[in-house]
Amino acid sequence: MAILKSYGACLRDSTFQFPHPSRADNYKRRNVKGGSPQAAVIPNFHLPMRSLEVKNRTSAEDIKALRLITAIKTPYLPDGRFDLEAYDDLVNMQIENGAEGVIVGGTTGEGQLMSWDEHIMLIGHTVNCFGGSVKVIGNTGSNSTREAIHATEQGFAVGMHAALHINPYYGKTSLEGLVSHFDSVLPMGPTIIYNVPSRTGQDIPPLVINAVAKSRNLAGIKECVGNDRIEQYTGNGIVVWSGNDDQCHEARWSHGATGVISVTSNLVPGLMRELMFGGKNPSLNAKLLPLIEWLFQEPNPIGLNTALAQLGVVRPVFRLPYVPLPLAKRVEFVNLVKEIGRENFVGENDVKVLDDEDFILVGRY
């Protein structure tokens, strides 16, 4: 009750008081040629859309302990809407094979092709169905701080355990702007900052991370610059996940990374878990490298979408501008599955090459 009274007092103290102009003032304004209208100045009064309930909340420390996080694929129906049945199967396969967290609506999940309504709905659906078995990390980042704030408020309101935030891309900003951007979203809950200069066009340097690391909500960094940068952070006690599947084994066992946020684990979650949990295993890492190289020969998620369709676990539907890999590359994937072993991949259907006409490309959805 004391809190409510205090809040009410805050509202009363902040009541907007507008001046009441006299008739003479109105006459003057009407008769000044070319004069600008006088706008009322409204105080900057923004309370956070925050809940103080903590029963089911996750702390940043819980997120820091995760070793295998899958950047989960979003499957589609023929008309381009979400295929939630296929999505549920994919998430269940991740849980059954030992993934500890999923990134919802990240680059791999094609959050960039979603409306915010779709995006928040998918986060809420994932929490509702799987939140007791796996940590749900919603990609609520944006190049617009306003959008990032709003989406993150909504994501935590529907129950996500942590947020993933990228630095503002395309327009970019200064280093001081990066700090202010992250400081605007960190108070809302556990947060992973994602550094991928190949997509954003701007590196997030350690100077920025060190500045925001004072927040208790910073769970860690998804780092794609390389293992030297990872070791620089881990040497200072900052948690890091490798964002590069081809480097994650060395990152985990030689450079101090906690684990990986992985694309490849969509396909072989059990093997990726073994790579992150089982100690140094250069032979397994070497076995997986040809698959990883195949996945990233075109920008992600083109390879993953093609592979999951060939495995029969999602419909062969692509939201444009993504299109499937060509026939020769699909034949290569069939051979990779045979070499690694079909039993190590998700799904139960035989892997197929698929014909070009089997794929559906959707521009409006």
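Predicted model: local features only at pLDDT ≥ 70, side-chain atom pairs only at ≥ 80, totals over all residues.
User: Which residues make the contact of α4 with α5?

Analyst: On α4 they are L84, Y87, D88, V91, N92 and I95. On α5 they are L122, H125, T126 and F130. By class, this contact has six nonpolar, three polar and one charged residues.

User: What makes α5 and α6 roughly parallel?

Analyst: The axes of α5 and helix α6 (residues 145-157) cross at roughly 30 degrees. The cut-off for roughly parallel is under 35 degrees, and therefore the pair is given that label. The two axes come within 10 Å, and α5 passes α6 in a right-handed crossing.

User: Which residues of α5 and α6 make the contact, and how do they divide by class?

Analyst: W116, I120 and I123 of α5 meet E147, A151, Q154 and G155 of α6. Four of the residues in the contact of α5 with α6 are nonpolar, two are polar and one is charged.

User: Why is D83 called buried?

Analyst: D83 has a relative accessible area of 6%. Buried means under 20%, so D83 qualifies. D83 is found in the loop between β1 (68-71) and α4.

User: What makes the pairing of D83 and R315 a polar contact?

Analyst: The side chains of D83 and R315 are joined at 2.4 Å. A polar contact requires N or O atoms within 3.5 Å, one able to donate a hydrogen and the other to accept it. Leaving out residues up to four places away in sequence, D83 touches P75, Y76, L77 and R315.

User: How do you know that α14 is mostly covered?

Analyst: Nine of the nine residues of helix α14 (residues 302-310) are buried. They are I302, G303, L304, N305, T306, A307, L308, A309 and Q310.

User: What do the buried residues of α14 pack against?

Analyst: They pack against α4, α13 (282-295), β9 (317-319) and α15 (327-340).

User: Which residue with a positive phi follows α14?

Analyst: G312 follows α14, and its phi is near 80 degrees.

Notes:
Residues numbered from 1 in each chain as written. Heavy atoms only, no water. Contact = heavy atoms within 4.5 Å. Helix = DSSP H or I, 4+ residues; strand = E, 2+ residues; numbered from the N terminus. Nonpolar A, V, L, I, M, F, W, Y, C, P; charged D, E, K, R; others polar. Axes fitted to C-alpha atoms, helices over the stretch in contact; angles between N-to-C directions. Parallel < 35°, antiparallel > 145°, perpendicular 65-115°, else oblique. Left-handed = near helix turned anticlockwise from the far one by under 90°. Buried < 20%, exposed > 50% of the residue type's maximum accessible area, 1.4 Å probe, protein only.
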